[in-house]
Amino acid sequence: MNNRRNNSVKLLVELLVVAILVIGIFSMFALKTNATENKHAGEAKCYTSIEIKNGDTLWSIAKNNKPKDVSTSDYLKELKSMNGIPEATDSIIAGTYLTIYYYR
């Protein structure tokens with residue numbers, strides 16, 4: 001009987017440790033998200049369209065238009081998502097328009 005009680009206590013302690021770990025992980029993600037959002041506190045996220053010119057690449061557009069605190073690769077991923085460009089392609093066509101964002 002004492003062994004059964006010890007097993008119950010051990011299980012309860014293990015569940016408590018797992019719950020604390022899960023809460024800690026979620027808290028870290030929440031803090032990271034808030035820190036990212038606060039980088040541009042007081043600034044408005046604005047959108048505009050630019051015409052793609054001969055010789056433009058998605059990489060060059062991302063590099064030249066991204067906010068200072070955003071990596072080129074992250075900005076490129078968001079450009080693709082915003083403009084419905086599949087992740088596996090980098091194709092753009094001169095004369096068409098691309099929506100970009102910036103902070104003001």
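## A lysine over a tyrosine ring

Let's start with K45: in this predicted model, K45 lies over the face of Y101, 4.3 Å from the centre of the ring. Y101 itself counts as buried, because its relative accessibility is 3% and the cut-off for buried is under 20%.

## The tyrosine cluster

Two aromatic pairs are counted here. In one of them, the ring centres of Y75 and Y101 are 4.7 Å apart and the planes meet at 45°, so this pair is tilted. The pair bridges distant parts of the chain, as Y75 belongs to helix α3 (residues 72–83) and Y101 to strand β2 (residues 97–103), 26 residues apart. Y75 and Y101 are both buried.

Y101 pairs with Y103 too: the ring centres are 5.9 Å apart and the planes stand at 85°, so this pair is edge-to-face. Y103 has 25% relative accessibility and therefore counts as partly exposed. Taken together, ring pairs join Y75, Y101 and Y103 into a cluster.

## Where helix α3 meets helix α2

Helix α3 packs with helix α2 (residues 58–65) at an angle of about 115°, and their axes are 9 Å apart. That angle is why α2 counts as roughly perpendicular to α3. The crossing of the two helices is right-handed.

Which residues make the contact between α2 and α3? From α2 come L58, W59, I61, A62, K63 and N65. On the α3 side, the contact is made by T72, S73, Y75, L76, L79 and K80.

Note on methods
Residues are numbered from 1 along each chain as its sequence is written. This is a predicted model: local features need pLDDT of at least 70, side-chain atom pairs count only at pLDDT 80 or more; totals for chains, interfaces and linings use all residues. Side-chain values use heavy atoms; hydrogens and water are left out. Rings of Phe, Tyr and Trp (its six-membered ring) pair if their centres lie within 6.5 Å; planes under 30 degrees apart count as stacked, over 60 as edge-to-face and the rest as tilted. Helices (H or I, at least four residues) and strands (E, at least two) are DSSP runs, numbered from the N terminus. Buried means under 20% relative accessible area, exposed over 50%, partly exposed in between (1.4 Å probe, protein chains only). A charge sits over a ring if NZ of Lys or CZ of Arg is within 6 Å of the ring centre and within 35 degrees of the ring normal. Axes are lines fitted to C-alpha atoms, for helices over the stretch in contact, and angles run from 0 to 180 degrees between N-to-C directions. Angles under 35 degrees count as roughly parallel, over 145 as roughly antiparallel, 65 to 115 as roughly perpendicular and the rest as oblique. A crossing is left-handed if the near helix is turned anticlockwise from the far one by less than a right angle, and right-handed if clockwise. Contact means heavy atoms within 4.5 Å.
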